[in-house]
Amino acid sequence: MPMMTPEQYEASLRKMNFKVYLQGELVKNTVDHPIIRPSMNSVKATYALAQDPQYADLMTATSHLTGKKINRFTHLHQSTEDLVKKVKMQRLLGQVTASCFQRCVGMDAINALDSTTFEMDKALGTDYHKRFEKFLLAMQENDWTVDGAMTDVKGDRGLPPSKQVDPDMFLHIVERRPNGIVVTGAKAHQTGCINSHRILVMPTISMGPDDKDYAVSFVVPADAEGICYIYGRQSCDTRKMEGTEIDVGNHQYGGHEALMVFDKVFVPYEDVFMCGEVEFSGMLVERFAGYHRQSYGGCKVGVGDVLIGAAALAADYNGAAKASHVKDKLIEMTHLNETLYACGISCSCEGSKTASGTYLIDLLLANVCKQNVTRMPYEIARLAEDIAGGLMVTMPSEKDLRSPAVGKIVEKYLQGVSSIPTEHRMRVLRLIENITLGTAAVGYRTESMHGAGSPQAQRIMIARQGNLGAKKELAKAIAGIPSAPKKK
Ligand code: SF4
Ligand code: FE
């Protein structure tokens, strides 16, 4: 079964035995829980669109392992064209779901692990790549959603993993058995974990010689013995429990994050892809982060498209569409959004082949892409709120609109342009609220800042990749300053 239907995907989740706590209670049925279900719908869309012939070129790819047609989310990029298609696929899914569709973290993790395990084996004589390929084949054949798990909780940020007062602040090996390892720790704000079949764990930072137990990468079933999840709250999340549609803003789709806790989880060696090779932890982190920073040049742009459309509709419904400043704000939003897309596309076009054959994005441009994402969606959101007007956060609820007592009053006084039903105006304003301040703001707003690494992480990479030395030589050549002779 190289490709699951959306129905098969949902059914496969029902067979999982997740241990999830939400607001202090164990969730019996994660798939149908009103707070969780919209996030499942977003991942489900990655299966649904892959079945649709009109999206086949973006949503599917040919496996380099088997030659079979597979979902692009399980694919290793074989060319710069593949890298570009990845970004276009993410923009499409952002447009369809207006939220985080979660499945990219696993795609980015497999691409980073493929080249890293290959190069690690070559340098150290280990046999991780073979194990990794076995897992990848199973992922493609079963069309699994795999969640890449990188971010440790990190404790005292001033201390390396091995110097933390509590050793569990970074996920680590607590026991080595003849047939596998036992790990303990936690991964923070873990996107999409409860909608995933497998969790692919990676170290979170470059490690030193004392951190051997922390330089660990492996795959486990998402419902493995010893794993539990504590579901992350989102702004306005309990509106999903009210049984109404309009107030949620986007009642169909969403994203989720959770604190994922590993309590003495056993992992057989065949599923371990790094086990103490501290010198390769940096490469894995850098490549995964690079791919995920590229991803934001697609997904955030797709959600941005919805937000721009919503702002334009709000202007229409308010009767303000002809005002020149409103038109100009929509132009500015489009300019900013397309700038992000240009970054996502450019780091893909400038990608190159790694030793394993998998293509890697241009790391400098991918970091520039994400650095822009830490800023531009905020300005796009500001302009959307400006155009929408204050009503997006002060209007009465859907229950008031439906109320026999005050419904007619709400309808009368919230009317904008007379040809537009008040309900439509309320719907679009709530959608803007959802993306800028509500549940989807996790994915569009704060995640734009911190997802795939906080701004400073990109600045470190930009400093490293920017090649200031070469730029100085350019300046010297033009200014007539001789280059210092190279030291022998
Ligand atoms: Fe994919 Fe974007 Fe969500 Fe990351 S934030 S998982 S790139 S949709
Ligand atoms: Fe993310």
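**The interface and its contacts**

Modeller: The rule finds 6 salt bridges across the interface of domain 1 and domain 2. This is a predicted model, in which local features need pLDDT of at least 70 and side-chain atom pairs count only at pLDDT 80 or more, while totals for chains, interfaces and linings use all residues. Residues are numbered from 1 along each chain as its sequence is written, and side-chain values use heavy atoms, with hydrogens and water left out.

Colleague: Why is the pair of Glu 245 and Arg 427 called a salt bridge?

Modeller: A salt bridge requires a side-chain nitrogen of Lys or Arg within 4 Å of a carboxyl oxygen of Asp or Glu. The closest N and O atoms of Glu 245 and Arg 427 are 3.2 Å apart, so the pair is a salt bridge by that rule. Side chains of opposite charge can pair when their charged atoms come close.

Colleague: What are the bounds of domain 1 and domain 2?

Modeller: Domain 1 covers 7–280 and domain 2 covers 283–467; such bounds come from an automatic or database domain assignment. Their centres, taken over C-alpha atoms, are 24 Å apart.

Colleague: How do you know that domain 1 and domain 2 are in contact?

Modeller: Contact means heavy atoms within 4.5 Å, and 55 residues of domain 1 are in contact with 52 residues of domain 2. The buried area, which is the accessible area (1.4 Å probe) that two parts lose on being put together, summed over both, is about 4400 Å² here, with 63% given by carbon and sulfur atoms. On the side of domain 1, Val 87, Arg 91 and Ile 246 lose the most area to domain 2, together 18% of what that side buries.

**An aromatic pair**

Colleague: How many aromatic pairs does the structure hold, and what makes the pair of Tyr 9 and Tyr 47 stacked?

Modeller: The structure holds 9 aromatic pairs. Rings of Phe, Tyr and Trp (its six-membered ring) pair if their centres lie within 6.5 Å, and planes under 30 degrees apart count as stacked, over 60 as edge-to-face and the rest as tilted. For Tyr 9 and Tyr 47 the ring centres are 4.4 Å apart and the planes stand at 15°, so this pair is stacked. Tyr 9 belongs to helix H1 (residues 6–14) and Tyr 47 to helix H2 (residues 37–51), so the pair ties together parts 38 residues apart in sequence; helices here are DSSP runs (H or I) of at least four residues, numbered from the N terminus.

Notes. Chains lettered and ligands numbered in written order. Helix = DSSP H or I, 4+ residues; strand = E, 2+ residues; numbered from the N terminus.
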